[in-house]
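Here is a short tour of a structure for anyone who likes to check the geometry before setting up a calculation. Keep the viewer open as you read along.

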Amino acid sequence: MGAVPTHMSSETVQITTNERLEVVDITDQITNAIPTNTTGTITVFVEHTTAAVTVNEGESRLLGDFETALDDLVPDGGWAHDQIDDNADSHVRAMLVGPSVTVPVADGSLQLGTWQSVLLVECDGPRTRQVQIVA
Ligand code: ZN
């Protein structure tokens, strides 16, 4: 018996983004990927250094506001890492938001609050992103 519990499962969802900086509501894709018998918690983990995930309201103007806030908080240029591949702003924005969230689940249903959604924060798109769901 190894360190990984036998009930642990992992699914990967691919999310394609359309903009360089874009917040996408991925709640439905996450829900569809969870086995229906899952109860407990899932970890939603984005396997990238320039994308992030968070939980908040998926209202479209708010998503735009968060894009504006990240853009204002982290200027585009003047970073040391830009000498490597010119995307330090993308990395820093992703680090501020973080790579994962934990969400309670009952019988395959996300136990989110009424106004909560799982949000992918694309910081260097457009790209196709791999989002892991570990139960
Ligand atoms: Zn880079």
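A residue is called buried when its relative accessible area is under 20%, exposed when it is over 50%, and partly exposed in between, using a 1.4 Å probe and protein chains only. The model is predicted, so local features need pLDDT of at least 70 and side-chain atom pairs count only at pLDDT 80 or more, while totals for chains, interfaces and linings use all residues. Residues are numbered from 1 along each chain as its sequence is written, and side-chain values use heavy atoms, with hydrogens and water left out.

H91 is buried, at a relative accessible area of 16%, whereas D85 is partly exposed at 42%.

Helices (H or I, at least four residues) and strands (E, at least two) are DSSP runs, numbered from the N terminus. H91 is one of the buried residues of α4, together with A88, D89, S90, R93, A94 and V97. That makes seven of the 10 residues in α4, so this helix is mostly covered. What do the buried residues of α4 pack against? Their partners are β4 (51-56), α2 (60-73), α3 and β7, where contact means heavy atoms within 4.5 Å. After α4 comes G98, with a positive phi near 100 degrees.

**Salt bridges**

A salt bridge is counted when a side-chain nitrogen of Lys or Arg lies within 4 Å of a carboxyl oxygen of Asp or Glu. By this rule the model has eight salt bridges, including those in the table.

| Pair | N to O distance |
|---|---|
| R20 and D124 | 3.4 Å |
| E122 and R129 | 2.7 Å |
| R127 and D124 | 3.0 Å |

The side chains of R20 and D124 meet in a salt bridge. R20 sits in the loop between β1 (10-16) and β2 (22-25) and D124 in the loop between β7 and β8, so the pair ties together parts that are 104 residues apart in sequence. R20 is partly exposed at 32% relative accessibility, while D124 is buried at 12%. R127, the other partner of D124 in the table, is partly exposed at 36%. For the pair E122 and R129, E122 is buried at 0% and R129 is buried at 1%. R20, D124 and R127 also belong to a network of salt bridges that links them with D71, D76, D89 and R93.

**Backbone details worth a look**

A cis peptide bond joins G125 and P126, with omega about -5 degrees. P126 lies in the loop between β7 (117-122) and β8 (128-134). Two residues other than glycine have positive phi: D86, near 60 degrees, and D107, near 50 degrees. D86 is in the loop between α3 (82-85) and α4 (88-97) and is exposed at 56% relative accessibility. D107 is in the loop between β5 (100-106) and β6 (109-110) and is exposed at 59%.
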